[in-house]
Amino acid sequence: MSRETILSIKDLHLSFSSELGIARVLNGISMEVHAGQSVGVVGESGCGKSVTAYSIVKLLPRNAKITSGEIKYTTKAGRVVDMTQLPNEGKDIRSIRGSEISMVFQEAMSSLSPVHTIGNQICEAILLHQNVNKQEAREKAIRLLTAVGISKPEQRIDEYPFQLSGGMCQRIMTAIALACNPRLVIADEPTTALDVTTQAQVLRLIKEMQREFDIALILITHDLGVVAHMVEYMYVVYLGQVIEEGLVEDVFNNPCHPYTRDLMKSIPRMTGPRGTLFSIEGTVPSAYVIPDGCLFHTRCQDVVGSICCNERPQRVKIGEKHYVSCFRYMENREANDHA
Ligand SMILES: Nc1ncnc2c1ncn2[C@@H]1O[C@H](COP(=O)(O)OP(=O)(O)OP(=O)(O)O)[C@@H](O)[C@H]1O
Ligand SMILES: [Mg+2]
């Protein structure tokens with residue numbers, strides 16, 4: 001049985017304005033996250049993964065504008081908040097950041113303050129959101145450091161970020177993200193800056209924490225291998241729109257959108273003959289000149305006709321929990337419509 005929907009993004013459009021013009025970066029992105037569910041968001045660099053995350057927690061730069069769509073978040077107390085309507089600053093958003101939704105960023109070292117001890121940084125998050133005194137906050141910080149696998153936490157708590165390795169800093173970021181018992185953690189490329197061994201350890205930690213504390217997780221990555229191991233459900237994003245989504249095993253076993261198939265083909269394999277690594281034809285169109293029709297048609301090897309260049313395909317159900325936006329599957333949609 002599927003659990004309560006805690007986040008629902010519907011048809012979100014966002015653009016950036018600059019002296020170059022208007023960059024349409026999100027072009028109708030939609031996604032849902034259920035309580036305790038782990039969700040992956042994949043797509044090439046620049047497709048709008050981070051901008052989507054920043055839209056949820058309202059950390060967008062000033063030149064960004066949400067032009068339409070909604071982001072509904074349901075708090076622990078059951079209140080539904082449209083995040084697009086909330087001011088970027090003030091008590092409403094402060095009551096959500098940290099204690100409801102928290103983020104783990106890519107560069108832990110630069111996200112942590114170099115002039116405060118890690119203990120101060122974790123305690124600050126706890127004291128801001130929870131009704132505890134300094135001693136209790138420190139005790140909780142030590143428990144969190146232990147939970148994220150930091151040895152000698154009583155000693156480490158008084159150290160500064162520069163005294164710790166990149167992997168340890170990423171663990172500390174995870175501890176800060178968990179400090180106020182959030183419902184939803186958004187991890188944006190949390191391990192890209194780490195070596196592969198540390199990467200695997202930090203990912204394992206995030207997964208264990210997610211399960212142990214029953215937190216919903218949005219994991220943003222361009223690494224399909226990470227998605228395969230870490231999440232239940234995945235969204236494939238292209239030019240600020242979801243083009244395919246589904247249970248991870250369904251999308252991996254039966255990738256339907258030509259873009260998803262190309263992404264899968266570009267994963268290096270250890271078996272089979274060696275050859276040139278597959279790369280997707282063409283380049284991602286500029287967000288300043290979004291193509292008409294299907295956003296992928298300028299690079300698609302499977303165009304079905306002029307419809308691909310003129311109309312935007314609708315989301316079509318192709319499995320119990322598997323959807324694609326592609327005209328090759330429109331017959332299915334007609335079948336669905338008649339069902
Ligand atoms: N402040 C800004 N002003 C103008 N354009 C921006 C700004 N921030 C991001 N963009 C543009 O928005 C688009 C989406 O960026 P975003 O950072 O969400 O990509 P991403 O999918 O997270 O990529 P990556 O995998 O490289 O992290 C990019 O084309 C980027 O150039
Ligand atoms: Mg990004």
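Q: Which residues come nearest to ligand 1?
A: In this predicted model, there are 13 residues around ligand 1, and those that come nearest are S45, G46, K49, S50 and V51.

Q: Which helix gives the largest share of the shell?
A: That is helix α1, residues 49-57, which contributes three residues to the shell around ligand 1.

Q: What about G46, how far is its backbone from the ligand?
A: A backbone N or O atom of G46 lies 2.8 Å from an oxygen atom of ligand 1, and a polar backbone atom of V51 is 2.9 Å from an oxygen atom of the ligand.

Q: How much of the ligand's accessible area does the protein cover?
A: On its own ligand 1 has 640 Å² of accessible area, of which the protein covers 64%.

Q: Switching to α4, how many residues does it have?
A: Helix α4 runs over residues 118-129, twelve residues, and spans 17 Å between its first and last C-alpha, close to the 16 Å expected at 1.5 Å a residue.

Q: Which of its residues are buried, and what covers them?
A: The buried residues in α4 are I118, G119, Q121, I122, C123, A125 and I126, and their cover includes α5 (134-147), α6 (153-156) and α7 (166-178).

Note on methods:
Residues numbered from 1 in each chain as written. Chains lettered and ligands numbered in written order. Predicted model: local features only at pLDDT ≥ 70, side-chain atom pairs only at ≥ 80, totals over all residues. Heavy atoms only, no water. Helix = DSSP H or I, 4+ residues; strand = E, 2+ residues; numbered from the N terminus. Expected span 1.5 Å × (residues − 1). Buried < 20%, exposed > 50% of the residue type's maximum accessible area, 1.4 Å probe, protein only. Contact = heavy atoms within 4.5 Å. Near = heavy atom within 4 Å. Polar contact = N/O pair within 3.5 Å; in protein donor to acceptor, adjacent residues only side chain to side chain. Areas by Shrake-Rupley, 256 points an atom, 1.4 Å probe, with all protein chains shown as cover.
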